[in-house]
Amino acid sequence: MGDHKEQPLRVGAAVRRRRRALELTLAVVAARSGLSVPFLSQIENDRARPSTSSLEKVADALRTTAVELLAAADPACSVDVVRADGTEPQPQPRTRSLVRGHHQMHASEFTGDHDAGREFQYRNDQLMYVADGAVEIEAEGRAYRLGRGDTLYLTGGVRHRWRAAESDTRVVVVAVAEHIEAVRDRPRR
């Protein structure tokens, strides 16, 4: 239960991501593949499951392979459980992914210290939640100290760095995935 290997794959999102990455319209993919625009739209929206032959035509039109599209496909399940690590103490610092697969959202848990010298800048928005301990964050030239239960929201493009201010700090970071075009370029101030 909750294991992606037991679930059928939804190839539509992978097809759409690849098409958009190549900046192609459905009409261009239809012309290259010999399939209709309505059928391609149904595939992208997971309302139609392409045959092996159709998927190969779509893959050729997108300059990839059916195997690559299937590898990038999302599982059809809408519920997935990611269990906490075992009860044995884990070496710190460590990072644990809280969401499996290729989705529109990424979530990670950081435990212990963090490289305070490393600066981050993500294309899309993210939220930092302090589950335990405290962190010090520098974002766009301002310093913030967050304690247990505090959150910090960063819009896409904000440069920031952070570090654990106490031992046994746990921070959960939830972000819109980089492959999602969630925000348009914002003018810099």
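1. Which residue in β9 does Val135 stand opposite? Val135 stands opposite Ala164 in β9. Strand β6, which spans residues 134-139, pairs with β9 in the antiparallel sense over 5 bridges, where strands are DSSP runs (E, at least two residues) numbered from the N terminus and two strands count as paired if DSSP finds at least two bridges between them.

2. On the basis of the numbers, this is a predicted model, in which local features need pLDDT of at least 70 and side-chain atom pairs count only at pLDDT 80 or more, while totals for chains, interfaces and linings use all residues. Residues are numbered from 1 along each chain as its sequence is written, and side-chain values use heavy atoms, with hydrogens and water left out.

3. The sheet is open, with 3 strands in the order β7-β6-β9 and antiparallel pairing. Because β7 (142-147) and β9 (160-164) stand at the edges with a single partner strand each, one side of each is left without a neighbour in the sheet. Neighbouring strands of this sheet are turned by 20° against each other on average, direction ignored (axes are lines fitted to C-alpha atoms).

4. The pairing of β6 with β7 is likewise antiparallel, over 6 bridges, and the bridge partner of Ala139 in β7 is Arg142. The hairpin formed by β6 and β7 has 2 residues between the strands, and Glu140 takes a positive phi near 50° there.

Terms used. Helices (H or I, at least four residues) and strands (E, at least two) are DSSP runs, numbered from the N terminus. Axes are lines fitted to C-alpha atoms, for helices over the stretch in contact, and angles run from 0 to 180 degrees between N-to-C directions.
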